[in-house]
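Reader: I'm new to this one. Could you walk me through it?

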Amino acid sequence: MDILNAFREYQEAATAAIEGASTAEELEQVRIEFLGQKKGKLRELQGLVGKASKEEKPLVGKAFNEARTNVTARLEQRISGLSQHSQSSTSDFDPTLPGQLPPLGAIHPVTRTIANFRELMGRFGFRVVEGPEIEDERHNFDALNIPEDHPARDPLDNFYIATAAKTAGGPILLRSQTSTVQIRTMEAAKPPVRIVSLGRVYRPDTMDATHSCMFHQMEGLMVDTNVTMAQLKTLLSLFARSFLGPDVEIRFRPSFFPFTEPSVEVDMKWGDSWMEVGGAGMVDPNVFRAVGYDPDKVSGFAFGLGIERFCMKHYEVDDIRRFYENDVRFLKQFA
Ligand code: FA5
């Protein structure tokens with residue numbers, strides 16, 4: 001009888017679908033398809049029962065009930081097997097065991113030093129400003145009173161990015177000092193000025209324990225009436241003591257920078273010897289003229305400190321290269 005074949009085929013197809021399902025959602029789809037009351041395959045079979053002749057009806061009806069009962073039983077079996085399995089896999093989870101902590105990073109010591117410097121200088125009344133790392137010659141040299149033929153402009157001592165032939169505004173370079181920000185600040189604002197700027201500078205220096213080709217400086221600039229060298233020395237001494245403790249020894253050594261007059265080199269006691277940590281001085285009148293300030297009306301001091309060297313002293317790091325090797329064993333110590 002064709003109708004009995006249809007029941008057999010239905011049962012085989014339903015069993016295959018039940019075995020093939022691997023999640024509760026898939027089993028629910030199978031239930032809807034094969035046992036659903038509205039549009040499922042079972043409903044089609046029910047229609048066949050209705051069409052059977054009077055003699056065939058008892059047989060057909062029995063076959064229909066058997067097919068439905070078998071498919072329903074198999075489906076329920078799979079559903080309960082699946083939920084037992086998921087219960088046994090969740091029971092592997094022991095909520096009383098300590099969790100696994102993801103490895104935590106640490107703030108890089110140089111970043112930490114920069115944050116400390118900003119905070120300290122803020123307390124001395126200095127506002128923090130930013131400047132670009134790619135600069136033109138006006139801000140890196142010209143306005144800083146560095147003459148055309150000065151060795152500081154030598155292409156071998158700088159990272160030039162493009163020559164005048166390639167840029168409308170003249171050559172551009174990675175800034176070699178944060179003193180560029182002195183110029184940008186004075187171009188944008190009238191005196192009085194009291195700012196610091198902290199950031200990266202670039203020089204093709206040979207790498208050694210105290211030199212890197214990328215390092216950080218903190219620039220400071222104070223312009224007002226009657227600013228003195230004594231104020232500069234007091235500020236830098238107080239700053240060094242606040243950061244490194246009262247025992248730190250600082251000395252000021254006469255030096256030369258084209259943008260300050262007089263100029264000093266700032267040294268710090270480093271074991272039995274001295275280490276240069278910055279340059280400073282009274283702002284040269286030519287710098288004031290370059291930014292449109294009247295040197296007869298204002299005076300000012302400026303300084304540029306090497307941030308890594310202060311950081312090395314603070315954390316007792318003996319080689320600047322450690323900061324940039326990305327060795328986790330080194331960086332972990334600052335967690
Ligand atoms: C300057 O860069 C001047 N612009 C500082 C200045 C600012 C003077 C304002 C006067 C007024 P100098 O080249 O000496 O100066 O660098 C300043 C400090 O940066 C150095 O004392 C040192 O601490 C640090 N430094 C210089 N070169 C390197 C380097 N290759 N690696 C690490 N730190 C460096």
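Here are a few questions and answers on some strands and the ligand.

Author: One thing before you ask: this is a predicted model.

Reader: Okay! How many bridges join β8 and β9?

Author: Start with β7, residues 250-257, which runs antiparallel to β8, residues 260-270, with seven bridges joining them. On its other pairing, β8 meets β9, residues 273-283, again in the antiparallel sense. Glu 265 and Gly 279 are bridge partners there. The count of bridges for β8 and β9 is nine.

Reader: And which residue in the turn between β8 and β9 has a positive phi?

Author: β7 and β8 form a hairpin with two residues between them. β8 and β9 form a hairpin too, with two residues between them. The one in that turn with a positive phi, about 65°, is Gly 271.

Reader: Where does the ligand sit, and how much of its area does the protein bury?

Author: The ligand's place is the largest pocket. A backbone N or O atom of Val 277 is 3.1 Å from one of its oxygen atoms, and a nitrogen atom of the ligand is 2.9 Å from a polar backbone atom of Ser 212.

Reader: Which element gives the most residues to the shell around the ligand?

Author: The shell divides into eight nonpolar, 12 polar and six charged residues. Elements giving two or more of them are β6, β8, β9 and β10. With five residues, the top giver is β9.

Notes:
Residues numbered from 1 in each chain as written. Predicted model: local features only at pLDDT ≥ 70, side-chain atom pairs only at ≥ 80, totals over all residues. Heavy atoms only, no water. Pairing = 2+ DSSP bridges. Helix = DSSP H or I, 4+ residues; strand = E, 2+ residues; numbered from the N terminus. Polar contact = N/O pair within 3.5 Å; in protein donor to acceptor, adjacent residues only side chain to side chain. 1 Å grid on protein atoms, 1.4 Å probe; cavity = no way out; pocket = protein on both sides within 12 Å on 5 of 7 lines; lining within 4 Å. Sits in = over half its atoms within 2 Å of the grid points. Nonpolar A, V, L, I, M, F, W, Y, C, P; charged D, E, K, R; others polar.
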